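Biologist: Hi! I'm new to this one, could you walk me through it?
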Protein chains: 2
Amino acid sequence: MKNPFPILTPDEAASRICHDEVIGFSGFTPAGAAKVIPTAIAVRARGEHDAGRPFKVGVITGASTGPSLDGELAKADCIKFRTPYQSDKDLRASINAGKTHFFDMHLSLLPQYIRYGFLGPLDWAIVEAADVSAEGKILLTTSVGAAPTFLKQAKKILIEVNRRHPRELLGFHDIYEPKSPPHRSPIPICAADDRIGTQRVWVDPEKIVGVVESNRPDEVPGFMPVTDVTTRIGCHVAEFLAAELGNGHLPKEFLPIQSGVGNVANAVLGAMGEHPEIPRFQMYTEVIQDSVIDLIQQDRCSFASGVSLTVTDPVLQGIYDDLESYRGRLLLRPQEIANNPEVVRRLGIISINTALEADIFGNINSTHVLGQKMMNGIGGSGDFTRNAYISIFTCPSTAKDGNISAIVPMCSHMDHSEHSVQVLVTEHGVADLRGKDPRERAAAIIQNCVDPSYQNLLQEYFKLTENGHTPQSFRSAFAFHETFLKSGDMRNTTFQH
Amino acid sequence: MKNPFPILTPDEAASRICHDEVIGFSGFTPAGAAKVIPTAIAVRARGEHDAGRPFKVGVITGASTGPSLDGELAKADCIKFRTPYQSDKDLRASINAGKTHFFDMHLSLLPQYIRYGFLGPLDWAIVEAADVSAEGKILLTTSVGAAPTFLKQAKKILIEVNRRHPRELLGFHDIYEPKSPPHRSPIPICAADDRIGTQRVWVDPEKIVGVVESNRPDEVPGFMPVTDVTTRIGCHVAEFLAAELGNGHLPKEFLPIQSGVGNVANAVLGAMGEHPEIPRFQMYTEVIQDSVIDLIQQDRCSFASGVSLTVTDPVLQGIYDDLESYRGRLLLRPQEIANNPEVVRRLGIISINTALEADIFGNINSTHVLGQKMMNGIGGSGDFTRNAYISIFTCPSTAKDGNISAIVPMCSHMDHSEHSVQVLVTEHGVADLRGKDPRERAAAIIQNCVDPSYQNLLQEYFKLTENGHTPQSFRSAFAFHETFLKSGDMRNTTFQH
């Protein structure tokens, strides 16, 4: 590689970072995340701690990252604060122990929070790149995330140049950053495949402190196989959307799909791909998973716009081996654009996200296990859900062999209010909540979505509380959760009358 | 008046309405609401009921209306369902008794819900107008609300021509309706005073069944005088915004203000008007109240865009007596545009809304008294808050002579999650929640916003529950509410350890 920037080892790069500094790392999911420098920072932190010196840094990313970033830094106990999202088991433990300050944010908001100065000055941007030119033009790898904003706002830049990613990726990114109010103009995206920006991020080369060579693959885990439950959820979603097309609620052209991450999402996309009445469609989403690549190969998905290409290594190699056939069918955008309320509402996205817990009135908990423990974060679910043409939440009706009902009298934490939730789907069926008042919503959810082993209990709760616009009992609202904590099985719940 | 449409009496107009039909009425607050026809429909309903025949209609409006619409129809027990917002005492009682199906909606979403067919076909639009031409060009009065969508989508139209409103109102409305996806383009508003549409609503004159003459004033209630508490809230908000300007978090041009409705909002606007460091500003809001007119007269507000001109009758007469001096300084838009996430985020609105209840983690209840009883509805607070440059919620720290703390361990109903709430203000001070994790938010809110008579109790709850990312106790989360229901005073709360 020829470049005018100092080539550093990971340790040399890490040595430039000082205690108390704030770093914006590339990465949106493990895709495109910085890897070797954060791991070296963790080593440096341990050394400093061993020497009796304080060493903690503020860690900002696009979303979650991989174990060599969040995992290593958490295990080294050197994260001063963390935002906007994470999914690492060690970091999660530290957050839930109250040791790491974590603030959960709508992902579309993070970049403007940085620009507006709400999180203070950004000392460093540490970004994985496929290439960097002497003029400071940076070709990103498998995600865009918030990297363009970090690169623009940071005082200093370190780059991990990762040669696993070919320079022919040029053209797979669309870099656009809105101006700050009062100078912002419309984001000119009117279709999922509209391009509005540059192919690379342009930075002042003077800010680039050094370059570290890397060859580490993205740490994308494999997915669990499709199960009977997730297949049934997928089929219900596909049937529902086909019916909405049939009754004219959806335009005949269909609309772009946003789909959350994970096994249920994979099953839903699979079912949509197989449904004969659902036309070939576009994705306007956050995370492009293996299942989207399958749909592109089958020509069921004509175009996928996302923030990250979060695919397993064999799938990524397959794409790189045949890159030209994906050109014009895959595009990576900043999270501020992919998740932007303006664009989501204009395009009329059909949003499909997974709930951790729902209540009988259609409120959703996306983040907190038993109300207290942070799982991952709200991610982009709020950005898409609130502004969707139709917003769908999915979840298996039970967890832990039926000992937990995913549908409860009252969510133990609330991330999406009834106003944002139009359709709830479990393996048992679909509750269409549009135009229904709270009592009607409860009836539809209990009848269509709740597991049979919990229907009588939830019916009993609902009858017990029948008062006011939204019936509820302060004493019994969390009876399911309290029973689970005591006995390990929500089915043992008894309500106090 | 010369017009080609049949002139009907209110009773004749009401006689055209059939049981089970769905009506979209003009009105956003009492401003511009249909009045004489809905009152006549209520009379007709009573007659039908007395004759043993069923008579109920679906009632859709822009937001709340006045007593001659929601009040009369509720008292006549003829509302089959109601959306998206209300504030009438009789209707509220019927909703909370479970007699009227009410579904609460983000106000920006209502028009597209109608267009997409999610609420079924619309039989009637019944709209107050200042004038209607033979070609079907309708000049609205003191609100736009969702009237353009109702007029376009309804099969048949009845118009209340109200001559209290001068034809010279032409030019005070900006009528624009987005296309449905996938054909929607950017809403081209880049400043609060941008005009993008027509001055009148154009309809097919064939759909106009008749015109009813009216001379009824808008039923806008007077406001309570400013109190010591609301004055202090107002001063805290003004001081906070001045400090944000000073530290560079807000641009030197300042940004447009959205302000909720009511006495706290009036006090906040008053305080902003008086603050020497806050520049002359624009409003991009929903409801233009008396206090905005004061600010325009003082030249502290240079322009106000809203959905309704909800001013008391003497203030409205003052505007009409001097209409030309307000031309170019007041503009009324459809709620779909005024509240649109796209425009709110682009302009960088500073949103200021009132909370009914907040919890120590910064979640907000805007709608339900003690979790069960619907007060009014979420209105536009979600549209603005989620997309604001800075979102502020205000409330007096206590209610009912201190027997209720507005800040509780857990909201009894949740409308705005922590993710949408950046700043909380009571008469005691300001909690800036940006970049804080839940424990830090709780500390800031308890210290700065909670009434001293509740600080120890909330501190005790917080210590009791210190576990997980968001500490909480299923047993004690609603102890404040349960204590109030039992003893009438939340200060009597004791927590079970």
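Modeller: Happy to; we can start with the ground rules and then go from whole chain to single residues.

Biologist: Great, what should I know before reading any values?

Modeller: This is a predicted model, so to speak of local features we need pLDDT of at least 70, side-chain atom pairs count only at pLDDT 80 or more, and totals for chains, interfaces and linings use all residues. Residues are numbered from 1 along each chain as its sequence is written, chains are lettered from A and ligands numbered from 1 in the order in which they are written, and side-chain values use heavy atoms, with hydrogens and water left out.

Biologist: Thanks! How many helices and strands does chain A have?

Modeller: Chain A has 17 helices and 27 strands. Those are DSSP runs numbered from the N terminus: helices are H or I with at least four residues, strands are E with at least two.

Biologist: And what radius of gyration does chain A have?

Modeller: Chain A has 23 Å, which agrees with the value near 23 Å for a compact globule of 497 residues. The radius is taken over C-alpha atoms, and the globule rule is 2.2 Å times the number of residues to the power 0.38. Along the principal axes, the C-alpha atoms of chain A fill a box of roughly 70 × 55 × 45 Å.

Biologist: What share of the residues of chain A is buried?

Modeller: Of its 497 residues, 67% count as buried. Buried means under 20% relative accessible area, exposed means over 50%, and partly exposed is in between (1.4 Å probe, protein chains only).

Biologist: What about contacts in chain A between residues at least 6 apart in sequence?

Modeller: Among those, 74% join residues at least 24 apart. A contact here means heavy atoms within 4.5 Å.

Biologist: Let's zoom in. Where is Leu91(A), and is it buried or exposed?

Modeller: Leu91(A) sits in helix H4 (residues 89-96) of chain A, and at 0% relative accessibility it counts as buried. Not counting residues up to four places away in sequence, Leu91(A) touches Asp70(A), Ala74(A), Ile79(A), Arg82(A), Gln86(A) and Thr100(A). Asp70(A) is 21 residues away along the chain, with 6.3 Å between the two C-alpha atoms.

Biologist: Nice. And Asp131(A), is that buried or exposed?

Modeller: Asp131(A) is buried, with a relative accessible area of 17%, and belongs to strand E6 (residues 124-132) of chain A. Leaving aside neighbours within four places in sequence, Asp131(A) is in contact with Lys137(A), Ile138(A), Leu139(A), Arg163(A) and Arg167(A).

Biologist: Switching to chain B: how many residues of H8(B) are buried?

Modeller: Nine of the twelve, so H8(B) is largely enclosed by the rest of the structure. Among the buried ones are Val264(B), Asn266(B), Leu269(B) and Met272(B).

Biologist: What covers them?

Modeller: The cover includes helix H7 (228-246), helix H9 (290-297), and strands E11 (257-259), E12 (281-284), E17 (350-354) and E22 (390-394) of chain B.

Biologist: How far does H8(B) reach?

Modeller: Helix H8 (residues 263-274) of chain B reaches 17 Å from its first C-alpha to its last, close to the 16 Å expected. That expected span is 1.5 Å times one less than the number of residues.

Biologist: Which residue of H7 could we look at?

Modeller: Cys235(B) lies in helix H7 of chain B and is partly exposed, with a relative accessible area of 40%. Its C-alpha is 9.5 Å from that of Leu269(B), which is 34 residues away along the chain.

Biologist: Now the backbone: where are the cis peptide bonds?

Modeller: One joins Pro181(A) and Pro182(A), with omega about 5 degrees; another joins Pro181(B) and Pro182(B), also with omega about 5 degrees. Pro182(A) is in the loop between strand E8 (156-162) and strand E9 (201-202) of chain A.

Biologist: Which residues have a positive phi?

Modeller: Asp20(B), near 80 degrees, is one of them, and Leu370(B), near 50 degrees, is another. Asp20(B) is in the loop between helix H1 (10-15) and strand E2 (22-25) of chain B, and is partly exposed at 41% relative accessibility. Most residues other than glycine have a negative phi, and most peptide bonds are trans.
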